[in-house]
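Trainee: I am new to this structure. Can we go through the terms one by one?
Mentor: Gladly. Take a look first.

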Amino acid sequence: MLFETHAHYDDEAFDDDRETLLASMQENEIGLIVNVGASLQSTAAGIQLAEKYPFIYAAAGVHPSGTDKLNEENFAILKAQCLHKKVVAVGEIGLDYYWGEPSQETQKRWFARQLALAGEIKKPVIIHSRDAAQDTFDMIAAHKADGIGGVIHCFSYSAEMAQEYVKMGFYIGVGGVVTFKNGRKLKEVVEAVPVERVLLETDSPYLSPEPKRGQRNSSLNLPLIAKQIAEIKGMSYEAVVEITKKNAMHMYQIKADYDLDECRQGNILVHKREE
Ligand code: NI
């Protein structure tokens, strides 16, 4: 089974068919899904999905573009969300300088607070970083996520920087961009890092892989990404699926007694965080 490490099923793009789509995941070998938060509202919606579906987990965090809405009062709410038993990571959090706002100062302040929160509650971080390579790296290096680590989601920087993150114990999130004709940089990253450090992600509903580029994305497209990675690495598809699943279980500290047949029959699965 494939492990989808990053999707946004709370997004309105799924309002028309969310239940049907999620119900089709297991029969299509999409075993586990982490629904990633971007705001307090989307985090709450993700937690609701995680409570409803045994195979969905949630991440709780405020995306850099929403950090101007954070204050002490709602940060306390975020912390409570992070402590939910099906919340397996803090994210997505980070820095995004592409749009020029919120100010870099605001983004850094709340990135630091959320990094510290992750360290405090011992959950890994899911990092969003765009046009902010050095600042992101410096803040993570300074913080070290208190040994918990995490993933640099939708990795968009150089192979050298990917290797630096790997040295710090981080995973590299690889999604649809790796299938794009202009995705050469990410292909080089995949070549450079061990597959034991790669996580599969779609970032649904965004970033559909080829040949579905431009359409609404879903975790059902995850095999297209795994196949591309297998090709780059000269490995079998099955090995990529198996290793990246193990990577994700390890990072998210999910111990699953996973049985797809049981799941098809609708039986509740036993997933436990490692004590
Ligand atoms: Ni995302």
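Trainee: Which residues coordinate the nickel ion?
Mentor: His6 (NE2), His8 (NE2), Glu92 (OE) and Asp203 (OD), at 2.1 to 2.2 Å. Donors are N, O and S atoms within 2.8 Å of the metal (3.2 Å for Na, K and Ca), so these atoms count; water is not among the atoms, so sites may look incomplete. This is a predicted model: local features need pLDDT of at least 70, side-chain atom pairs 80 or more, while totals for chains, interfaces and linings use all residues. Residues are numbered from 1 along each chain as its sequence is written, and side-chain values use heavy atoms, without hydrogens and water.

Trainee: Why is the site of the nickel ion called irregular?
Mentor: The angles among its 4 donor atoms run from 86 to 174 degrees. Tetrahedral needs all angles between 85 and 135 degrees; square planar (four donors) and octahedral (six) need opposite donors over 155 degrees apart and all others between 65 and 115; anything else is irregular. The site of the nickel ion is classed as irregular.

Trainee: What makes histidine 6 buried?
Mentor: Its relative accessible area is 1%. Buried means under 20%, exposed over 50%, partly exposed in between (1.4 Å probe, protein chains only), so histidine 6 is buried. Glutamate 92 is buried too, at 3%.

Trainee: How do you know that arginine 18 and aspartate 15 form a salt bridge?
Mentor: Their closest N and O atoms are 2.6 Å apart. A salt bridge needs a side-chain nitrogen of Lys or Arg within 4 Å of a carboxyl oxygen of Asp or Glu, so the pair qualifies.
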